[in-house]
Amino acid sequence: MPKDHGIGASPKRREDVRFLTGAGNYTDDINVYGQAYVHFLRSDVAHGKITKIDTSAAADMPGVVRIFTGADFEGVGSIPCGWQVTDLHGEPMKEPAHPVLAQGKVRHVGDPIAAIVADSLEEARNAAEAIELDIEELPAVVDMKAALADGSALVHDDLGDNLCYEWGFVEDNRAAVDEAIKNAAHVTTLELRNNRLVANPMEPRVALGEYSRANDHSTLHTTSQNPHVIRLLMGAFVLGIPEHKLTVIAPDVGGGFGTKIFHYAEEAFVTFASKACNRPVKWTASRSEAFMSDAHGRDHVTKIELALDADNNFTALRCDTYANMGAYLSTFASSVPTWLHGTLLAGNYKTPLVYTNVKAVFTNTVPVDAYRGAGRPEATFQIERVVDKAARELGVDPIALRRQNFISEFPYATPVAVEYDTGDYVATMDKLEEIADLSGFAARRAESEKNGKLRGLGVNCYIEACGIAPSNLVGQLGARAGLYDAATVRVNATGSISVMVGAHSHGQGHETAFPQVVAEMLGIDESMVEIVHGDTSKVPFGMGTYGSRSLAVCGSAMVRATEKIINKAKKIAAHLMEASDADIELKDGQFSVAGTDKSVAWGDVTLAAYVPHNYPLEDIEPGLEETAFYDPANFTYPSGAYACEVELDPDTGKVTIERFSAADDFGNVVNPMIVEGQVHGGIGQGVGQALLENAAYDENGQLLSASYMDYAMPRADDLPFYTVDHSCQTPCTHNPLGVKGCGEAGAIGSPPSVINAVIDAMQSGGFKVDHMDMPASPGRVWAAMHG
Amino acid sequence: MYSFEIGRPSTVADAVAALGKDEAQALGGGQTLIPTLKQRLASPETLVSLTGIAEMKGVCAEDGALSIGGGTNHATVAAEASAYPALAALAGGIGDPAVRNRGTIGGSLANNDPAACYPSAALASGATIVTNTREIAADDFFDGLFTTALEEGEIITSVRFPVPEAAAYMKFEQPASRFAMVGVFVAKYADGVRVAVTGGSEDGVFRWSAAEDALSANFSAEALDGVSVDADGMITDLHGSAAYRAHLIGVMTKRAVAAAQ
Ligand SMILES: Cc1cc2nc3c(=O)[nH]c(=O)nc-3n(C[C@H](O)[C@H](O)[C@H](O)COP(=O)(O)OP(=O)(O)OC[C@H]3O[C@@H](n4cnc5c(N)ncnc54)[C@H](O)[C@@H]3O)c2cc1C
């Protein structure tokens with residue numbers, strides 16, 4: 001019998017009632033008295049010198065409150081990067097200034113030049129057209145390799161070149177890896193591009209700044225996955241507002257996928273301008289603005305080499321990557337191709353030697369940062385494509401080659417600095433073979449061929465590092481923040497509970513899953529527990545939601561705080577029953593004295609805490625509220641095996657996904673329905689990357705796919721019914737719930753199996769294609785097949 | 001968008017009068033025009049809505065022809081053009097339900113988007129575009145990208161399609177917009193076969209005469225073996241090369257012939 005409450009049950013998501021009935025409260029739903037609107041005048045060229053900007057005529061237009069330009073932000077801080085990478089010479093990465101509004105130069109299409117604050121948005125837009133602006137166009141830096149060539153135009157003149165850093169990892173292994181590749185019985189080489197993506201959450205970014213003259217206090221409502229991070233970055237680094245004078249609130253957030261982690265110029269602008277104008281200032285991105293101002297994802301160009309010995313054991317792996325940073329360093333941009341990518345390159349395999357070289361490059365494109373998976377999808381795609389290619393070159397079964405090289409003993413210290421605590425890659429592969437009905441593939445292929453279609457099967461494994469992250473470790477690696485999280489459990493007098501958490505759901509269902517944990521621990525009904533999140537004035541300093549960390553890190557803090565509650569409640573119960581603390585047991589919401597029939601209910605104890613008439617006041621304080629901060633001892637390592645079956649129409653190049661199966665190991669699972677939903681969504685985005693999505697720039701730095709007319713988002717009918725399974729569970733060994741995280745797995749694990757399947761389909765039709773870059777859109781598949 | 005006045009006439013005559021004013025523009029379903037206004041790419045002073053004009057709405061079959069009011073939306077055509085199933089199917093495949101319940105045949109033809117569906121049906125059917133002042137043969141109507149024979153202020157009041165013996169529309173969707181990357185409309189009449197192609201050419205919708213000749217002689221997919229479109233003049237973009245589009249035209253034409261009913 002599946003459980004109907006507590007950990008392991010699948011209650012429906014309580015937040016969906018408001019989301020699905022139009023009762024959600026998103027940032028754009030908030031309107032305040034006296035609110036003005038800002039419109040940003042953005043660059044329509046990729047690279048240029050601002051030679052004239054005259055706002056005088058525009059300032060006289062109806063409704064205009066004030067027009068700001070870069071000059072108004074001299075003396076204001078630069079938008080910071082949160083992670084300092086040290087290059088292979090031991091030097092810090094180059095960190096160019098990132099002004100709130102362009103100063104002197106524009107560096108990408110969409111770079112904000114001026115901000116017009118007006119009584120209405122239309123008036124602000126009208127005034128923008130009256131600004132006299134001259135930009136002297138400069139050659140656009142678009143291609144990463146050309147950007148590093150001598151004589152390239154410079155995105156940032158003061159840096160001397162366009163290289164942010166060259167990183168080598170593990171640099172000490174470099175020679176040994178080269179040697180192993182030279183001496184290998186077989187080397188498979190693959191050059192690929194991990195396509196640039198635009199996250200496109202359904203809710204575009206919005207920011208509303210309010211300044212209270214009465215209290216000298218600024219409040220920013222914003223679409224953020226991590227309000228405390230924004231308060232820290234914007235308050236301390238950009239605007240110089242101390243924490244107690246700044247509140248950041250992210251109410252309901254309609255999807256983020258990473259792109260709402262970062263601190264953006266528009267947030268700093270509305271906060272700054274609301275004080276300067278003494279009026280609330282609101283900005284709501286249009287979808288077109290989102291395409292040119294939300295941080296993009298991926299965009300790596302990579303050469304990967306896999307060395308094998310005569311028995312097909314992997315002996316070494318080498319990865320050379322060019323990682324696009326775009327025009328400025330976004331908040332976590334520098335960490336994505338390095339620590340979130342290089343440390344994952346062992347994958348599921350016991351390859352003894354691994355070396356990664358990453359050149360991070362500035363270009364005249366929108367900044368690139370973390371997007372669902374961040375670095376780990378890039379690593380997984382490389383490994384699982386090169387392993388598949390090796391199997392085809394060697395004429396061995398791709399699954400058998402993987403199995404032969406699986407890591408099988410845990411804990412396992414990889415050659416890339418991380419230690420996997422648990423896993424069972426054989427078990428997930430066995431499960432995959434079963435749920436994907438791989439033995440029935442040949443018959444299904446024959447059926448497709450009868451209908452003139454090619455059918456392909458692609459399989460891959462993945463491993464990811466989640467539960468981000470141990471603070472002392474990431475500190476050594478360059479993170480400029482801790483990555484713990486925090487929770488306050490506030491038990492009210494009648495026994496109901498408010499839990500204030502540092503994680504912030506932007507669609508994940510925390511409001512349902514977190515109470516399941518607390519209710520299970522206390523033996524009370526879930527409906528008595530409510531989650532409070534997204535407001536720095538209400539919740540303790542937590543780091544937010546990304547990197548599949550919420551349950552593993554913030555959930556652990558919540559468990560620790562609840563344990564403190566239980567400890568104190570037992571003392572109160574002991575006092576009420578005149579027993580010793582040590583003899584008190586808590587079960588089903590009842591405290592009892594072991595070996596007796598004496599008991600008091602949860603509500604009696606909580607009431608006593610707040611009405612302490614009969615209470616051990618000399619030993620403990622009244623009240624029942626506890627806070628815990630939790631810093632993880634290690635990353636968590638979810639893993640799994642995925643299989644994709646495609647049909648390919650050889651006449652048109654159109655690929656359709658016929659079956660998709662996922663066997664994941666997430667450790668313990670709190671709400672299986674939510675976990676499945678996360679995997680579904682992740683696969684949807686992975687399939688989107690593999691078949692549809694592509695942010696393409698032309699050589700002038702114009703974004704060609706700047707709207708849904710050309711940027712293909714996955715739609716329901718692009719996706720199959722998935723078969724997903726999470727019954728293989730090797731619990732995490734170092735957090736109290738034994739959970740690993742499931743938010744990114746689908747997006748990390750699915751692209752390689754899709755492309756492996758497409759290649760398999762093409763080869764089955766006699767087409768000699770051994771790789772194609774994503775997306776495998778019809779036009780590109782057809783071009784690959786027909787040279 | 002910039003502000004504008006809006007007129008809501010209930011007769012064609014009133015609409016024509018309203019469109020006589022400076023900077024006035026007809027508004028059909030708004031599925032193309034409203035996004036254009038939102039992007040501030042157009043600034044008409046007056047919009048004259050055609051959606052309240054009863055005489056411009058409806059589907060009516062008479063004398064082997066199907067007449068569709070210029071203000072009829074795609075969903076209505078999909079539901080009511082049963083006398084011309086290929087046309088009903090085309091209308092049912094445009095955009096999504098919201099688009100089909102707003103967008104009109106008159107707006108689509110007047111707009112002549114090079115990737116739109118209706119122009120291929122009109123051209124392949126030898127349709128007659130009826131306006132407030134005259135009747136224009138489809139062969140004389142389309143004039144390259146987003147350009148038609150319509151004069152300033154002229155309104156498409158209806159479109160008359162001769163019903164063919166057999167016809168089909170095959171649309172290969174551009175993956176992002178789901179407009180036609182290539183759409184081919186094949187219509188077989190007693191006096192010959194007409195084939196019109198949308199989405200492919202840099203000059204907009206066109207008749208593929210080589211295919212028409214081959215199919216008029218032998219109405220079967222095999223008749224097209226060895227007949228191909230020159231890639232010169234086909235569109236190359238993010239989604240496919242000119243060669244790919246030229247190839248797709250062949251594939252979609254064969255499929256249309258096979259599906260024709
Ligand atoms: C999401 C989306 C998907 C779409 N997908 C497709 C698709 O797959 N295939 C496809 O073919 N189309 C597609 N369209 C376009 C759609 O069919 C539009 O309805 C059509 O292009 C314009 O028709 P409308 O009635 O909305 O015209 P409007 O947008 O109102 O007007 C367009 C132009 O026509 C003029 N006009 C309007 N009516 C008349 C008239 N009766 N006489 C003279 N001039 C007139 C207007 O002045 C304007 O210049 C899509 C649109 C959207 C928004």
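Student: Which helix gives the most to the shell around the ligand?

Tutor: α6(B) does, with five residues. Helices here are DSSP runs of H or I with at least four residues, strands are E runs of at least two, and both are numbered from the N terminus. This is a predicted model, in which local features need pLDDT of at least 70 and side-chain atom pairs count only at 80 or more, while totals for chains, interfaces and linings use all residues. Residues are numbered from 1 along each chain as its sequence is written, and chains are lettered from A and ligands numbered from 1 in the order in which they are written.

Student: What makes up the rest of that shell, and which residues come nearest?

Tutor: Of the 31 residues around the ligand, the nearest are G28(B), G29(B), G103(B), G106(B) and G107(B); a residue counts as near if its C-beta atom, placed from the backbone, lies within 6 Å. The elements giving two or more residues are β2 (24-27), α5 (97-102) and α6 (105-111) of chain B. By class, the shell has 13 nonpolar, 15 polar and three charged residues, with Gly counted as polar. Domain 1 (5-49) and domain 2 (54-162) of chain B each supply at least three residues.

Student: Why are α15(A) and α16(A) called roughly perpendicular?

Tutor: Helix α15 (residues 550-577) and helix α16 (residues 602-610) of chain A pack at about 95°, their axes 9 Å apart. Angles of 65 to 115 degrees count as roughly perpendicular, so α15(A) is roughly perpendicular to α16(A). The contact (C-beta atoms within 7 Å) joins A569(A), I572(A), A573(A) and L576(A) of α15(A) to D604(A), V605(A), A608(A) and A609(A) of α16(A). Those residues divide into seven nonpolar, no polar and one charged.

Student: How do you know that domain 2 of chain B touches domain 3 of chain B?

Tutor: By the contact count: 20 residues of domain 2 of chain B are in contact with 23 residues of domain 3 of chain B. α7(B) gives the most to the domain 2 side, with six residues. That side divides into 14 nonpolar, six polar and no charged residues. The C-alpha centres of the two domains lie 20 Å apart, and the bounds come from an automatic or database domain assignment.

Student: What makes up the contact of chain B with chain A?

Tutor: Chain B contributes eleven residues and chain A 15 residues. Helix α10 (residues 242-259) of chain B gives the most to the chain B side, with three residues. That side has seven nonpolar, four polar and no charged residues.

Conventions: Axes fitted to C-alpha atoms, helices over the stretch in contact; angles between N-to-C directions. Parallel < 35°, antiparallel > 145°, perpendicular 65-115°, else oblique. Contact = placed C-beta atoms within 7 Å.
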